[in-house]
Amino acid sequence: METRLEVVAMALMLVGFLLFNTMETAIVGALLVAGGAYAMILPKLIRSEGSSTR
């Protein structure tokens, strides 16, 4: 599941980078890159918070 999410996030970032290179869709590309990066980091943040013991 996590590997599939990472693949989707990387694809989202790649499409975002491609759209960012064109002037008309720069903001859409930037949002896709940011969303992909967030999707890559979010599972690691959730896992690290859940595994810590207090």
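Predicted model: local features only at pLDDT ≥ 70, side-chain atom pairs only at ≥ 80, totals over all residues.
Ile 27, Val 28 and Leu 31 together make a nonpolar surface patch of about 310 Å². Leu 31 counts as exposed because its relative accessible area of 59% is over the 50% cut-off.

Now for the chain as a whole. Its secondary structure comes to 2 helices and 0 strands. There are 54 residues, of which 11% count as buried. The chain exposes about 4,500 Å², and 72% of that area is supplied by carbon and sulfur atoms. As for contacts between residues at least 6 apart in sequence, 40% of them join residues at least 24 apart.

Is Leu 19 buried, exposed or partly exposed? Leu 19 is partly exposed, since its relative accessible area is 28%, a value between the 20% and 50% limits. Setting aside neighbours within four places in sequence, Leu 19 is in contact with Thr 25, Ala 26, Val 28, Gly 29 and Leu 32. Leu 32, another of the contacts of Leu 19, sits 13 residues away from Leu 19 in sequence, with 8.7 Å between their C-alpha atoms.

On to helix H2, which spans residues 26-51 and holds Val 33. Which residues does Val 33 touch, leaving aside its neighbours within four places in sequence? They are Met 13, Gly 16 and Phe 17. Val 33 is buried: its relative accessible area is 18%, so it falls under the 20% limit. Phe 20 is 13 residues from Val 33 along the chain, and the C-alpha atoms of these two residues are separated by 8.7 Å.

| Residue | Relative accessible area | Class |
|---|---|---|
| Leu 19 | 28% | partly exposed |
| Leu 31 | 59% | exposed |
| Val 33 | 18% | buried |

Definitions and conventions:
Residues numbered from 1 in each chain as written. Heavy atoms only, no water. Helix = DSSP H or I, 4+ residues; strand = E, 2+ residues; numbered from the N terminus. Buried < 20%, exposed > 50% of the residue type's maximum accessible area, 1.4 Å probe, protein only. Contact = heavy atoms within 4.5 Å. Patch = residues over 30% accessible without salt bridge, like charges linked within 9 Å, V, L, I, M, F, W, Y side chains within 5 Å. Areas by Shrake-Rupley, 256 points an atom, 1.4 Å probe, with all protein chains shown as cover. Salt bridge = Lys/Arg side-chain N within 4 Å of Asp/Glu carboxyl O.
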